[in-house]
Amino acid sequence: ASQKLDPGVGTLLNLGDCYEKNGQTASAWAQFIEAGNAARKAGDVQREKAARDRTAALERRLVRLTVTVEETADLPGLEIKRDGTRVDREAWGSAIPVDPGEHSLAAAAPGRQTWTTEVLIDDGGPDATVEIPLLQTDPAAGVFDVDATLLAAPGKSRSDADEGVLSRWWFWT
């Protein structure tokens, strides 16, 4: 709140220090980067160096989470969230620094069931990778992966079945 009311390099450095003492290494690292940038803009060489030193020290301790999506699972409208925050498509496949602890991941796409998982990342432990699977169709959304030949009456061709399915669109709706 202090930073919002009266932005300052000192506040950013103190906030980074608090995050670090809390074990939130990625949050502290991000604050020190922001403090270094703010100090450089303000021409404060001493605080810029302090922020860069703290950033470098934390760099070795960071744990990272990589979210991967196989090409077959990359559905139109696929959205992935980590801890309720959207993961930009550009970040998929990249090792992103996260605070140690439990993180929730959710993947959703139109007409598909939402997939969720939890991942625990230990402080100083190995980095984690989570692969998003192909989301299952959601029958409640009225979207089905149906082979039209299964709907054909005996002795009818697939094209006859397709026509029958299409002519009964109101049934599926």
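The model is predicted. The chain holds 7 helices and 7 strands. Read from the N terminus, the order of elements is α-α-α-α-β-β-β-β-β-β-β-α-α-α. The chain has 173 residues, and 30% of them count as buried. Its accessible surface comes to about 11000 Å². Carbon and sulfur atoms account for 52% of that surface. Among contacts with a separation of 6 or more, 54% join residues 24 or more positions apart.

Two packed helices are described by the angle between their axes and the distance between the axes. Helix H2 covers residues 9-21, and helix H3 covers residues 25-42. Their axes come within 8 Å and cross at roughly 165 degrees. Angles over 145 degrees count as roughly antiparallel, so H2 is roughly antiparallel to H3. H2 passes H3 in a left-handed crossing. On the H2 side, the contact is made by Val9, Leu12, Leu13, Leu15, Gly16, Asp17, Tyr19 and Glu20. On the H3 side, Ser27, Ala28, Gln31, Phe32, Glu34, Ala35, Ala38 and Ala39 take part. By class, this contact of H2 with H3 has 10 nonpolar, 3 polar and 3 charged residues.

Helix H3 also packs against helix H4. The angle between H3 and H4 is about 155 degrees, and their axes are 8 Å apart. H3 and H4 are therefore roughly antiparallel to each other. Their crossing is left-handed. H3 contributes Thr25, Ala28, Trp29, Phe32, Ile33, Ala35, Gly36, Asn37, Ala39 and Arg40 to the contact. H4 contributes Arg47, Glu48, Ala51, Arg52, Arg54, Thr55, Leu58 and Glu59. The residues in the contact of H3 with H4 divide into 8 nonpolar, 4 polar and 6 charged.

The remaining pair is H2 with H4. H4 spans residues 45-59. H2 and H4 pack at an angle of about 20 degrees, with their axes 11 Å apart. Angles under 35 degrees count as roughly parallel, and H2 and H4 are therefore roughly parallel to each other. H2 passes H4 in a left-handed crossing. From H2, the residues in this contact are Val9, Gly10, Leu13, Asp17 and Glu20. They meet Arg47, Ala51, Arg54 and Leu58 in H4. By class, the contact of H2 with H4 has 4 nonpolar, 1 polar and 4 charged residues.

Leu13 is found in helix H2. Its relative accessible area is 16%. Buried means under 20%, so Leu13 is buried. Leaving aside neighbours within four places in sequence, Leu13 is in contact with Phe32, Ala35, Arg47 and Ala51. Phe32 and Ala35 belong to the H3 side of the H2 contact, whereas Arg47 and Ala51 belong to the H4 side. Leu13 and Phe32 are 19 residues apart along the chain, and their C-alpha atoms are separated by 6.1 Å.

Glu20 is placed in helix H2 as well. With neighbours within four places in sequence set aside, Glu20 is in contact with Ala28, Phe32, Arg54, Leu58 and Arg61. Glu20 and Arg54 are 34 residues apart along the chain. Their C-alpha atoms are separated by 9.9 Å.

Two further residues belong to the strand region. Val98 lies in strand E4, residues 95-98. Val98 is buried, with a relative accessible area of 3%. Leaving aside neighbours within four places in sequence, Val98 is in contact with Thr25, Ala26, Val63, Arg64, Leu65, Arg82, His103 and Ile121. Thr25 is also one of the H3 residues in the contact with H4. Val98 and Arg64 are 34 residues apart in sequence and 5.5 Å apart in space, C-alpha to C-alpha.

Asp83 is found in the loop between strand E2 (79-82) and strand E3 (85-86). Most residues other than glycine have a negative phi. Asp83 is not a glycine, yet it has a positive phi of about 55 degrees. Asp83 is partly exposed, with a relative accessible area of 39%.

Note on methods. Residues are numbered from 1 along each chain as its sequence is written. This is a predicted model: local features need pLDDT of at least 70, side-chain atom pairs count only at pLDDT 80 or more; totals for chains, interfaces and linings use all residues. Side-chain values use heavy atoms; hydrogens and water are left out. Axes are lines fitted to C-alpha atoms, for helices over the stretch in contact, and angles run from 0 to 180 degrees between N-to-C directions. Helices (H or I, at least four residues) and strands (E, at least two) are DSSP runs, numbered from the N terminus. Angles under 35 degrees count as roughly parallel, over 145 as roughly antiparallel, 65 to 115 as roughly perpendicular and the rest as oblique. A crossing is left-handed if the near helix is turned anticlockwise from the far one by less than a right angle, and right-handed if clockwise. Contact means heavy atoms within 4.5 Å. Ala, Val, Leu, Ile, Met, Phe, Trp, Tyr, Cys and Pro count as nonpolar, Asp, Glu, Lys and Arg as charged, and the others, Gly among them, as polar. Buried means under 20% relative accessible area, exposed over 50%, partly exposed in between (1.4 Å probe, protein chains only). Accessible areas come from the Shrake-Rupley method with a 1.4 Å probe; for residues, only the protein chains shown count as cover.
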